[in-house]
Amino acid sequence: MADMTHHKFLKAPYTVGIVGAAFSGGQPRGGVEQGPARLVEFGLPSQLSSLGWNVDIDEKFPTYEHLRPPSDQDIGKLKNARYVSAVTKSVSDSVKSLVAKGHLALTLGGDHSLAMGTISGSAAVYPDVGVIWVDAHADINTPETTETGNLHGCPVSFLMGLPGARNIPSFEWLSPCLPTNRIVYIGLRDVDVPEKKILKDNNIKAFSMHEVDKYGIGKVVEMALDYLGRDKPVHLSFDVDALDPSVAPATGTPVRGGLTFREGHFICEAVYETGNLVAVDIMEVNPLLGDQAYVLQTIQIGCSLTRTALGETLL
């Protein structure tokens, strides 16, 4: 690599495998399934090549329509559970295959229910993987606490196997693979009351926007990386709604008061510099929300976050 970063868990020549997860079934708003194609159309693969990466685009890009079941009745409160399960299982297999080869797995979403697949895939190869979850939302509702039944608000509880999120029909394939002390949240600011209780009861490390304001993003990221361990593999799962809507407007659940452009990019830079990255998710870019300028701005942000997470620097 041009920047000479030593990647502890990747094999040379360094390759990024792109999983285009064109999927919106974890939430009700159409369009987010078009995010991966738009990011690729905008030139992301060649941008990554210019940084020195070999680029391999997953053969399943860009559709999972063939996995949609003919019937998908609610399971308890959960909507589209069979479809979400089938797609996340496929994504898990893709990510696992890439990580096992020593490639960096880059998943372009799609909605954040996909993290059930991406993180279980990297954890299958590295059981001690640490997750940095950058998001306005904790996405840790269980099938019992969710008010909407939308699975993009539940992936972390499934990955942890929290009470109420085990042995869910159709999700038999997903074994608990993320201990409660292997995740750090950054950027939270819209957390449901039951989720706050889950975070506190399980002593889960979370830096809300309050901590970002109090300590500054540099100190927050330093504390996050120290907590996860400086010699452990890292999976960065980045929901673009972590950024303030003035920065990334074309996303399904925007919340005011988010990370600035620079704060978002600093997180990506600092995580890359550790040399510990094994997987990156860029989630919830929705090209159907907002006018053309907003959409273009958000696609550009998605690409620049990805480039920064893969080694682009200002100097």
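The model is predicted, so local features need pLDDT of at least 70 and side-chain atom pairs count only at pLDDT 80 or more, while totals for chains, interfaces and linings use all residues. Residues are numbered from 1 along each chain as its sequence is written, and side-chain values use heavy atoms, with hydrogens and water left out.

- Beyond its neighbours within four places in sequence, Leu 106 is in contact (heavy atoms within 4.5 Å) with residues including Val 16, Leu 44, Val 280 and Ile 282.

**Strands** (DSSP runs of E, at least two residues, numbered from the N terminus)
- Strand β8, residues 277-283, is mostly covered, with seven of its seven residues buried, meaning under 20% relative accessible area with a 1.4 Å probe and protein chains only.
- Strand β3 (residues 104-109) pairs with β8 in the parallel sense over four bridges, where pairing requires at least two DSSP bridges, and Ala 105 stands opposite Ala 279 in β8.
- Strand β7 (residues 234-239) runs parallel to β8 and is joined to it by six bridges, with Ser 237 opposite Asp 281.

**Helices** (DSSP runs of H or I, at least four residues)
- The axes of α9 (residues 261-273) and α10 (residues 292-309), lines fitted to C-alpha atoms over the stretch in contact, come within 7 Å and cross at roughly 30 degrees.
- Angles under 35 degrees count as roughly parallel, and α9 and α10 are therefore roughly parallel to each other.

How values were computed:
Buried means under 20% relative accessible area, exposed over 50%, partly exposed in between (1.4 Å probe, protein chains only). A crossover is right-handed if, with the strands pointing away from the viewer, the path from the first strand over the helix to the second runs clockwise. Axes are lines fitted to C-alpha atoms, for helices over the stretch in contact, and angles run from 0 to 180 degrees between N-to-C directions. Angles under 35 degrees count as roughly parallel, over 145 as roughly antiparallel, 65 to 115 as roughly perpendicular and the rest as oblique.
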